[in-house]
Amino acid sequence: MTDLPTLPVTFRPGRTRAILLTAGVVIFLVISGIAMLLEQLGPGERLSFVVTGALLFWVLAQLARVKVVADESGVTVVNIASKRRLAWAEILQVNLRPGDPWVFLNLSDGTSLPALGIQPGIAKQHAIADAKALRALAEAHSTTDLP
């Protein structure tokens with residue numbers, strides 16, 4: 001049995017997040033630097049370079065924001081373009097099968113919700129430990145009397 005983490009706990013792909021944010025900053029700085037170094041560009045063209053760099057940084061920051069936050073009352077899943085709050089009773093199963101890109105939550109309404117905050121990409125063992133911890137939390141907080 002996995003020891004239960006102290007609540008609240010946040011699960012997120014730390015290395016992936018660091019890589020994405022670092023890449024975003026580097027891309028923004030390189031594109032902005034190029035805009036300033038190209039003497040033939042006008043102010044509007046320079047601005048369009050900087051805005052493009054900022055847009056690319058924003059996209060990478062959106063990819064880096066994924067997380068799963070567990071607290072006493074339930075779980076909040078923050079994915080790239082969505083955020084969903086779940087009560088513990090709604091989570092029937094926490095799955096991370098070999099080859100899965102991230103954890104999937106099987107829900108009481110018959111659907112499955114991807115939880116991108118736990119993904120085995122760069123740090124596989126860390127993701128497996130996080131998935132086991134979330135599974136243990138879900139089992140510990142589950143109730144049999146759903147509304």
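Ser82 counts as partly exposed, at 37% relative accessibility; the class covers values between buried (under 20% relative accessible area) and exposed (over 50%), with a 1.4 Å probe and protein chains only. Ser82 lies in the loop between strand S3 (74-78) and S4, where strands (E, at least two residues) and helices (H or I, at least four) are DSSP runs numbered from the N terminus. The C-alpha atoms of Ser82 and Asn95 are separated by 20 Å, and the two residues are 13 residues apart along the chain.

The model is predicted: local features need pLDDT of at least 70, side-chain atom pairs count only at pLDDT 80 or more, and totals for chains, interfaces and linings use all residues. Residues are numbered from 1 along each chain as its sequence is written, and side-chain values use heavy atoms, with hydrogens and water left out.

Three salt bridges are found in a search of the whole structure, a salt bridge being a side-chain nitrogen of Lys or Arg within 4 Å of a carboxyl oxygen of Asp or Glu. In general, side chains of opposite charge can pair when their charged atoms come close. One of the bridges joins the side chains of Asp71 and Arg85, at 2.8 Å from N to O. Asp71 lies in strand S2 (residues 67-71) and Arg85 in strand S4 (residues 83-87), so this pair ties together parts that are 14 residues apart in sequence. Asp71 is partly exposed, with a relative accessible area of 23%, and Arg85 is also partly exposed, at 38%.

Another salt bridge is formed by Arg84 and Asp109, with the closest N and O atoms 3.8 Å apart. Because Arg84 lies in strand S4 and Asp109 in the loop between strand S6 (103-107) and strand S7 (112-115), the pair ties together parts that are 25 residues apart in sequence. Arg84 has a relative accessibility of 30% and counts as partly exposed. A further bridge links Arg97 with Asp100, and here the closest N and O atoms are 3.6 Å apart. Arg97 is partly exposed at 45% relative accessible area, whereas Asp100 counts as buried at 14%.

The axes of helix H1 (residues 14-37) and helix H2 (residues 43-64) come within 8 Å and cross at roughly 180°. Axes are lines fitted to C-alpha atoms, for helices over the stretch in contact, and angles run from 0 to 180 degrees between N-to-C directions. H1 and H2 are therefore roughly antiparallel to each other, a term for angles over 145 degrees. The residues of the contact of H1 with H2 divide into 20 nonpolar, three polar and two charged. Val26 is placed in helix H1 and is partly exposed, with a relative accessible area of 46%.

Val59 is in helix H2 and counts as partly exposed at 38% relative accessibility. Together with Leu55, Trp58, Leu63 and Ile80, Val59 makes a nonpolar surface patch of about 450 Å². Nonpolar patches are made of residues with over 30% relative accessible area and no salt bridge, their side chains joined within 5 Å.

The peptide bond from Leu7 to Pro8 is cis, with omega near -5°. Pro8 lies in the segment before strand S1 (9-11). Most peptide bonds are trans.

Conventions: Parallel < 35°, antiparallel > 145°, perpendicular 65-115°, else oblique. Nonpolar A, V, L, I, M, F, W, Y, C, P; charged D, E, K, R; others polar. Patch = residues over 30% accessible without salt bridge, like charges linked within 9 Å, V, L, I, M, F, W, Y side chains within 5 Å. Areas by Shrake-Rupley, 256 points an atom, 1.4 Å probe, with all protein chains shown as cover.
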